[in-house]
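Please look over the sequence and the structure shown below before reading on. The briefing that follows takes up helix packing, salt bridges and a few individual residues in turn.

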Amino acid sequence: MPPPRRTGPARAGAAALAVALLAGCAPVDPDAGAGAAPAAKAADPEALVLYSGRPADLVEPLVRDWSAESGTPVRVRYGDSAELAQLLIAEGADTPAGVYLAAGTGSPALLDARGLLATLPDGAAAAVPAGFAAADGSWAGLATRTRGFAYDPGEVAAGELPGTLAGATGRRWRGRVGIAPGDPSFIAMVAALRAREGEAATARRLARLAAAEPVRYPSEAAVVAAVAAGEVALGLVDDAAARARPGRGGVRWAPGEPGDPAGMIDATAVAVPAPAAGDERAAALVAHLFGAAAQERLAAAHETPLAGGARGARPPVGAAAPGTGRAAAGELGEAMILIAEAGLADPVGADAR
């Protein structure tokens, strides 16, 4: 039986902080777009609408390539994946979205459970390894990200790495670990942990992490930069963040132990909202995303492509499914509350490290 919900002013304050952080970390821009002239973005009735929980620097090249090939303009609405999933739920049959791109598998899984997704085009995800796609074909992963530790081998030997979240809270690492508690990847880790171990156990884990006095940064990219600068010895980040920093200054990355929160795997996932089931444009864009060119672009963006390209499908060794990273959209807010209650979230408006 789950532990009783905490109530009262402290819980209410943490909830308000979490909502404010969630609203501030990934604003939705309804007018952002690709593949169309700026003046036509919001007005072109022929444009395919893409809801994207991934950032523009990753998505724009993917969409631009397809738009140039197909001649179809695309309007992209950016935002937090969970926030966009809730928008799709609210819009229902009236959603303008033809394709939904999520930062993780949790939000598509939530939409699938509510019957709000169409089946992906036949063969679109045929090359995706088992475990990285929905059994009913409603969503599939495009590329994975794995959590682990960024470190400077000149300061920390690979054999000295903690490997687990619990290990990183030991006395040796007090004040020497960088985290980004407001980063979507960190929040997803906590949400997955809460879904697996329960709220009380997750709260205890976060309390131990807070007691280890981690150094907090506004993003995982900032954590990697801090490792490179010698500000911290370790950075709890995903592999894409670690590999994306130009000239990493000798920073290396090692995965956390499989099954541990520090080694969680999740995938950028794509789905087609049910109202767009017969939209050939949506089907064509999805097919493009699983094609070699798009998979190469994802690899160049330091994600691990799942459906081929010259680098080939490269799922993490031994990975069965991103289940440890799967969290329903509503659970992300609960995770943020736990992060705030542990004292790991910076006060709203405060300067972040």
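How are helix 5 and helix 6 oriented to each other? They are oblique to each other, a class that holds the angles left over when those under 35 degrees count as roughly parallel, those over 145 as roughly antiparallel and those from 65 to 115 as roughly perpendicular. This is a predicted model, in which local features need pLDDT of at least 70 and side-chain atom pairs count only at pLDDT 80 or more, while totals for chains, interfaces and linings use all residues. Residues are numbered from 1 along each chain as its sequence is written, and side-chain values use heavy atoms, with hydrogens and water left out.

**Helix 5 and helix 6**

- The axes of helix 5 (residues 184-197) and helix 6 (residues 199-211) come within 7 Å and cross at roughly 135°; axes are lines fitted to C-alpha atoms, for helices over the stretch in contact, and angles run from 0 to 180 degrees between N-to-C directions.
- Helices (H or I, at least four residues) and strands (E, at least two) are DSSP runs, numbered from the N terminus.
- On the helix 5 side, Phe-186, Val-190, Leu-193, Arg-194 and Glu-197 meet Glu-199, Ala-201, Thr-202, Arg-205, Leu-206 and Leu-209 of helix 6, where contact means heavy atoms within 4.5 Å.
- By class, this contact has six nonpolar, one polar and four charged residues; Ala, Val, Leu, Ile, Met, Phe, Trp, Tyr, Cys and Pro count as nonpolar, Asp, Glu, Lys and Arg as charged, and the others, Gly among them, as polar.

**Salt bridges**

- A search of the whole structure finds 12 salt bridges, each being a side-chain nitrogen of Lys or Arg within 4 Å of a carboxyl oxygen of Asp or Glu.
- One of them joins Glu-303 to Arg-54, with the closest N and O atoms 2.4 Å apart. This pair links distant parts of the chain, 249 residues apart, since Glu-303 lies in the loop between helix 10 (292-300) and strand 11 (304-305) and Arg-54 in the loop between strand 2 (48-52) and helix 2 (56-70).
- Glu-303 is buried at a relative accessible area of 3%, and Arg-54 is buried at 12%; buried means under 20% relative accessible area, exposed over 50%, and partly exposed in between (1.4 Å probe, protein chains only).
- Arg-54, Arg-145, Asp-238 and Glu-303 are linked in a network of salt bridges.
- Arg-196 and Glu-197 meet through their side chains in a salt bridge of 3.5 Å, N to O, and Arg-196 is partly exposed at 41% relative accessibility, as is Glu-197 at 32%.
- Asp-279 forms a salt bridge with Arg-281, the closest N and O atoms being 2.8 Å apart, and Arg-281 is partly exposed, with a relative accessible area of 27%.

**A buried aspartate**

- Asp-239 belongs to helix 8 (residues 239-244) and counts as buried at 3% relative accessibility.
- Apart from its neighbours within four places in sequence, Asp-239 is in contact with Arg-145, Thr-146, Trp-253 and Thr-304.

**Positive phi angles**

- Most residues other than glycine have a negative phi.
- Glu-213, although not a glycine, has a positive phi of about 55°; it is found in the loop between helix 6 and strand 7 (215-216) and is partly exposed at 47% relative accessibility.
- His-302, also not a glycine, has a positive phi of about 75°; it is placed in the loop between helix 10 and strand 11 and counts as partly exposed at 28% relative accessibility.
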